[in-house]
Amino acid sequence: MFSARPPLRKSEIPCHELPIHVNTHVKNGRIIQTREARIRARRQIAVRPIRAVMSDQSGGATTTTTTLPGSGGSPTSSSDINVKAVMTIRKKMKEKLNERIEESWESFVNGIGQGIVIQLASEEIDPVTKEGKKSAETAVRGWFSTSPDHRYILEYAANLTVPSSFGRPGAIIITNLHPKEFFLMEITLHGFSEGPVFFPAHSWIHSRNDDPESRVIFSNQPYLPSQTPSGLRELRAAGMVSLRGYGRGERKKFERIYDYASYNDLGNPDKDEDLARPILGGKERPYPRRCRTGRHPCSSDPFSESRIGKPHPVYVPRDETFEETKQATFSAGALKALLHNLVPSLAAALSSSDNPFQCFTEIDQLYKDGVALKMEESKNVFSSMLLPAMMKKVVSASESILKYETPAVISRDRFAWLRDNEFARQTLAGVNPVNIERVQEFPIRSKLDSSVFGSPESALTRECLEQELNGMSVEEAIQKRRLYILDYHDLLLPFIKKMNALKGRKAYASRTIFFLCQKSDSLRPIAIELSLPPTSSSPESKYVYTHGHDATSYWTWKLAKAHVCSNDAGVHQLVNHWLRTHACMEPYIIATHRQLSCMHPIYKLLHPHMRYTMEINALARQSLINAGGVIEACFSLGKYSMEVSSAAYKNWRFDYEALPADLIRRGMAVEDPSKSSGVRLLIEDYPYAADGLLIWEAIKEWVDLYVNRYYDEPNSVASDYELQAWWDEVKNKGHPDKRNEPWWPKLRTKEDLSDILTIIIWTASGQHAAINFGQYPFGGYVPNRPAVMRKLIPQEGEPDYAEFLLNPEQTFLSSIPTQLMATKVMAVQDTLSTHSPDEEYLGQLHITHARWTSDEEIQKGFVGFSSRLDEIEEIINERNRDSRLKNRNGAGVPPYELLLPTSGPGVTGRGIPNSISI
C-alpha cells in the first residue's frame, strides 16, 4: 500500500461529480467552513457512489463501486478531470470493546460519506474571485481495511471532478464530522497528468465538535515563501497563525498550539512548602523556555503553575505526543509504569531496610539474584509495563524478582572500575566525555567572588603536580599539551553548603588533573582537589589527594575518585544531558512550528529531528526533574539540581554547541584547514571526538547540499521572511535570557544557515546519543559512577577516621548510594538507555515517511547521506578493532560504540536516533 499508485484507468473514473464552488474561507488565520456549505455538502453526499479502496497482497490498489439508491447526476464535461483521492488512516492497535464498537460505527459512517469531507485547493488563483481555486467539497467513502499485513491501516476514497483549468492541487482542506479525532497518515490524488500527487500528513485531525476550524494538508512539494504559488499563499499564512495561539487560557488535549513559558511548573508548593522551587527563566536564574500549557497558578504562589497529577498527561501540541507504537513498545507506557509502579515498589521492598551495601558481593547479587519484590507490592508492576531488556523478572509463588543485566563497564572485567586508567578513559570514551579540558594556564584560579568563597588559587600547587610529571615542569607539560583537567569547582562550590545540609548528601567541589602519556595516547589521573566552602572556623577547606603507594592513600584516593564521579554524574545528567540537549532543543522546535510553514524546505529538513522531544520533556517535568522527582532523589544535587542547571546555562553559547568549536574551546583540538572537519585532535585516541567528527561532517555535508539546493541566489537567505522570523524567535522568545549576547550567529548567507542547522541536527542526534545511551552501561554499576555520595572523606583527628582505618571497605560502601537509592537510579538509567523498536535512526527513512518531499535531487542527496553513515559505521568498527587505540581496545576494554549510527531495540550502548525521543 505504500508504493506509488498508478493513474486511474478510464473505466475506474465515476461519471457523477459535483459542481465546483468555494465552501470555505479564511478568517483571522482560521479555515472556516460556512454553514451553507455544510448543508449543501450533506445533501450532495447522499447521491454519490461509494468507492472503497483496498490494498492487495502485492501492495497495489483494487477498487469497488456501490451506487446508493436514488443516485444520479449529469455526465461530466470532456474537459473536466476526474480525480480520486485515497485517504490513509491509522486506527488504534489495541482497542477496548467499546472502542471497537465505536470504530466500526465510524467506518460505517465514513462508508456512507457522512464522516469526513475534503476539498482540493489549487496552486492557482481564480481570475474571477481573485482567491485560490477550490473544488467542491466531497465526502470520503468506503469501509474496507487494507491487507492483513496492515490491519491497523484503513483506506477511504473520494471521487471528484475539477475543470481542466484547475491547475496543480497544492493543498487539501479536511473537515472531520466525527465526534472524535482520527490519525491521518496521507492522502494521494490520482488523475492529474503529472501522476499521483502526495499529501503526507502524519497528524491528528480534530473533530469539528472541538474546533470548527478545518485542517489544511499541503502536498510534499517544498516552497520557499517567495515561491509559494499564489493560490496557496493565504492558506500558508493561515496555517502558521493557527499554531501560535494567543498566549491565553489553558491548552486542551486536541490543540496544536505552540507557545512559550518559563519553567515555573517544577515545584508543588500547594502540597508542601518543601516542594516549592524557584522559577527558571529570567535575569536571576536564566533558562531556555518550554512549551506553554496555561494551567492555573498555584494557590500559595501565583507565579508558579499548578501541578498536574499522574497519570494525567502534561499538555504538548497534539502531534508531538507519542504515537501508539511508541507508547505500547516502550517510552510512554514503560517509562510511566517505571515511575508510577516500579520505583515505588522498590521503595516498599527496601525502605524498611534501606541500608548501605555491606560488601561488594551484595552489589553483584543485583545482577545474579535480583531484588525481591513482594507480590502484594509488585502485582501491578510487570503487568502494566514492558520492561527494557536489561531488567528481567522471575516470578515465583510468593515474590517477583527484578534482576538487572550486567552493565558493560564490568561485563568484560569486573575490576576495571578500580583502575586509574579506566577512571581516566571514561573522560574520553564514557557517557560524559564533554567536560575534559586542556590546562592552558597555571596556577589554576577560580573566577568566584573571593570575599565569599575564599582564595581563588587552587590547592593544586606546582610542587604537588611535579611529583607526578616524571621530571617535567608544569610549564613544560602545559607547553607540550600534556596536562588536562576535569573542573567542577566554580559550578558546584556555590551550592555545596546547601547540598550538604540535605539528608544523606555530602559533596565537594572538585578539580581533577590528568597527565597525557604520549606513548599510549591515554590519560593518567595524578591529583584531585576537593573543596568545601570556607567557614569562620575553617577558612581554607581544600584537600588534595594523589594515588599514593600506601594502603591509606590508596583508599582515600579511591574515595576521592568516587566523589569526582558523583559530581560528574550530576553535571552530566542536569547540564550536558538535560540542559544542553533536551531543554535547549525545545525552543528550536516551538519556533520551527510557529514561524516555518510545513511547506518550507527547512521545516521539512528539521521535522525528523523534532520527533517526540516535547513529549519526553513534558514527562520529565512531571516525574524526573520536578520537586521530589527521581533526579532530586537519586543525585547529589538534590533539590538544587535545576538551580545548578540554570547556573550552567549562564555560560551556554549556541555557537559552542558545534562540535569543532566545542573541542577548540576546551583545548582538545586546534584549527587545521587541511582537515575536512577544520580541526585536529590533540589526543588522537579520543573516541567521542574522533567518531563525533565523522558524524558531524556527514551531517554538515548533507545540510550544505540541502541548503544549496534551495538558496541559490545571493540574497535568498536574508530575504526569506519566514526563516528570518524563525531565527529571531529562537533568540528572542526561545532563549530570551540570552537575546543580547554578541555570539549569536548572523543569518545572512547560506553558509550561516548551514552552520546553524548543522548545530541543531547534531544536538538532536549525535550529541544526545553520545551522552544518553551509555547511562546504564556505565552507571549501572554503582561504584563506577555513584549518583550520590553520603559521606565526606574522613580526616585525621575526626571520629570517623579510626573506623576508616579499621574497615576502609565499609567506609567506601557506606559513602555510596544505599540499596534503595542504587536500585532506583539503576532502574531509571536502564529505561533512559533503551531504544524502542520504532526508533528512527539518523540517515534512515521510515517507510511511512518515504514521500516526505517531491524533490528528486534531495531524495538522491539523502541516499548519499545514508550511504556515508554506513561507511562511518564500518570506520568506527575498524577503529574498535585497532589494538593501537587503547581507549577503545584492549584486555577487558569495551569498544566505543555510542556513535555507531544504527542499533536494534533495547539497551545496546549504540545507535543515533534522529531526535531526542527518550
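Which side chain meets E840 in a salt bridge? I looked, keeping in mind that this is a predicted model. The partner is R611, at 3.5 Å, N to O. I then placed both residues. E840 sits in the loop between α26 and α27, R611 in the loop between α15 and α16, so the pair ties together parts 229 residues apart in sequence. E840 is buried, at 13% relative accessible area. R611 is buried too, at 15%.

Next I took R414. Its side chain meets that of D364 in a salt bridge at 2.9 Å, N to O. R414 is in the loop between α8 and α9, and D364 is in helix α6, 50 residues away. R414 counts as partly exposed at 47% relative accessibility. D364 counts as buried at 12%.

I turned to R295. It forms a salt bridge with D265, 4.0 Å from N to O. These two lie in loops 30 residues apart: R295 between β15 and α4, D265 between β14 and β15. R295 is buried at 11% relative accessibility, and D265 is buried at 1%. The structure holds 50 salt bridges.

Last, I checked helices α21 and α22. Their axes are 13 Å apart, at an angle of about 50°, so the two helices are oblique to each other. The crossing is left-handed. From α21, L723, W726 and W727 meet L753, I756, L757 and I760 of α22. I sorted these contact residues: seven are nonpolar, none polar and none charged.

Conventions
Residues are numbered from 1 along each chain as its sequence is written. This is a predicted model: local features need pLDDT of at least 70, side-chain atom pairs count only at pLDDT 80 or more; totals for chains, interfaces and linings use all residues. Side-chain values use heavy atoms; hydrogens and water are left out. Axes are lines fitted to C-alpha atoms, for helices over the stretch in contact, and angles run from 0 to 180 degrees between N-to-C directions. Helices (H or I, at least four residues) and strands (E, at least two) are DSSP runs, numbered from the N terminus. Angles under 35 degrees count as roughly parallel, over 145 as roughly antiparallel, 65 to 115 as roughly perpendicular and the rest as oblique. A crossing is left-handed if the near helix is turned anticlockwise from the far one by less than a right angle, and right-handed if clockwise. Contact means heavy atoms within 4.5 Å. Ala, Val, Leu, Ile, Met, Phe, Trp, Tyr, Cys and Pro count as nonpolar, Asp, Glu, Lys and Arg as charged, and the others, Gly among them, as polar. Buried means under 20% relative accessible area, exposed over 50%, partly exposed in between (1.4 Å probe, protein chains only).
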